[in-house]
Amino acid sequence: MQVARGGPLHLTYCTNIHAADGWTAVFENLRRYAPALKRRFSPDAPFGIGLRLSARDARELLDGQLDTFKTWLDREGLYVALINGFPYGAFHGTPVKADVYAPDWRDDARVAYTLDLIAILSRLLPGGIDGGVSTAPLSYKTWLPAGDEAAWAAVVANVVRVAAALVDAKRVHGADIHLDIEPEPDCTIENTDETIAFFRDRLLPIGAPMLARTLGIDEGSARAYLLDRIRVCFDCCHFAVEFEDPIAALDRLTSAGLKIGRIQLSSALRVPLDSDPTRTQGAVNRLRPFADATYLHQVVARRDDALEHFPDLGEAIASCHGHCGSEWRIHFHVPLFTREYDGFTSTQDDVRTVLAAAKASRFTRHLEIETYTWDVLPGGLKIDLLESIGREYDWVLSVLR
């Protein structure tokens with residue numbers, strides 16, 4: 001839904017919050033929740049859905065269900081401008097961990113999945129709105145060594161294949177769609193430096209000649225297309241875990257010529273620690289319920305002026321003996337509407353800062369609530385799902401207003 005005057009600024013929520021296996025289950029969740037949320041927050045205007053589809057969901061939707069879905073959206077006053085194309089497979093009810101990054105951008109399966117999502121969004125995207133498909137941060141860092149040039153060439157070639165399809169989507173269908181690469185801790189691109197470096201050192205110098213040959217255009221035009229069609233998904237939680245100042249990060253990305261396809265509104269778990277071993281151990285013990293078996297919860301610990309990375313919360317807890325740093329940031333998408341979690345806090349202030357900047361400067365048109373860990377929160381923090389989503393909207397709208 002449009003949430004600010006002075007130019008389009010659309011707010012939605014990502015439906016990766018809903019457990020589903022197959023398009024029929026996805027559609028049932030949408031019918032259950034989306035109209036109810038529209039009645040509450042946008043009764044007299046269209047209401048956006050941030051659609052999450054696995055590869056299976058996308059293929060089933062394309063195989064004869066897309067017209068029915070489009071008719072339902074139009075009848076209910078709903079629209080889709082964003083699709084989450086990050087997790088290829090199941091995302092709830094089974095251990096995901098690092099498998100969430102597979103297949104990575106070396107793999108043709110990742111390309112085929114993304115092209116399916118582009119085909120879907122080309123049909124669903126309303127006129128006058130740009131749309132985005134988010135995607136994984138290329139690969140998991142341990143899977144793609146910095147010096148493996150053949151693997152990197154495959155990544156760039158596959159991203160260029162998708163960029164060419166996005167150019168065609170605009171030419172043929174008039175659909176203004178971009179691919180939004182999402183940096184994430186411990187992944188191939190996880191912070192501002194690595195994101196800029198990928199565009200500057202690989203995608204543009206290697207990919208622009210490829211795209212020029214594919215489209216039959218000059219390299220300067222191909223470079224401009226890459227910077228327009230390939231964008232950044234700025235997840236507030238992920239950049240906060242890296243201890244990055246969000247405004248400085250956004251300024252650096254845009255100053256390097258990169259566009260922000262969407263902002264994902266999400267808070268990380270923040271755990272201040274002190275030098276007392278007993279209090280530190282008590283805090284670490286209270287973190288154990290957050291170390292679930294489903295998702296990776298990467299941890300970045302501040303130790304004096306250095307940052308130490310742990311691939312998952314369980315490993316960070318196991319390594320903590322005595323002094324464990326002054327603060328931990330944990331990749332756990334905790335709800336936006338509160339900043340206190342069983343004695344811990346969150347990076348909610350970073351989200352406030354980004355919302356103010358987006359409202360002031362319009363560096364993106366899309367804000368997407370992306371709290372998906374409701375089912376793995378410790379029991380005392382769980383509430384009814386519809387009420388939870390509603391409280392997320394209430395908080396974001398109160399900040400914007």
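**Entry 1: strand S7**

How many of the six residues of strand S7 (residues 260-265) are buried? I looked this up in a predicted model. Six of the six are buried, so strand S7 is largely enclosed by the rest of the structure.

Next I looked for the strands that pair with S7. Strand S6 (residues 230-235) pairs with S7 in the parallel sense, over four bridges. I noted one of the partners here: Asp235 has Gln264 of S7 as its bridge partner. Strand S14 (residues 366-369) also pairs with S7 in the parallel sense, over three bridges. Gln264 turns up again, with Glu368 in S14 as its bridge partner.

I stayed with S7 and checked Arg262. Which residue does Arg262 form a salt bridge with? The partner is Asp180, and the closest N and O atoms are 3.1 Å apart. Arg262 lies in strand S7 and Asp180 in strand S5 (residues 177-181), so the pair ties together parts that are 82 residues apart in sequence.

The cut-off for buried is under 20%.

**Entry 2: salt bridges elsewhere**

I then took the count for the model. It comes to 29 salt bridges. I picked out a few.

Asp394 and Arg40 meet through their side chains in a salt bridge, 2.8 Å from N to O. This pair links distant parts of the chain, 354 residues apart. Asp394 sits in helix H13 (residues 385-400), and Arg40 sits in helix H1 (residues 23-41). Asp394 is partly exposed, with a relative accessible area of 36%. Arg40 is at 40% and counts as partly exposed.

The side chains of Arg303 and Glu308 also meet in a salt bridge, at 2.5 Å from N to O. Arg303 has a relative accessible area of 28%, so I logged Arg303 as partly exposed. Glu308, at 31%, counts as partly exposed as well.

Which residues do salt bridges with shared partners join into one network? I listed Asp176, Asp228, Arg229, Arg231 and Lys259.

**Entry 3: recap**

I put the pairs side by side. Asp394 is partly exposed, as is Arg40. Arg303 is partly exposed, and Glu308 is partly exposed.

Key. Residues numbered from 1 in each chain as written. Predicted model: local features only at pLDDT ≥ 70, side-chain atom pairs only at ≥ 80, totals over all residues. Heavy atoms only, no water. Buried < 20%, exposed > 50% of the residue type's maximum accessible area, 1.4 Å probe, protein only. Helix = DSSP H or I, 4+ residues; strand = E, 2+ residues; numbered from the N terminus. Pairing = 2+ DSSP bridges. Salt bridge = Lys/Arg side-chain N within 4 Å of Asp/Glu carboxyl O.
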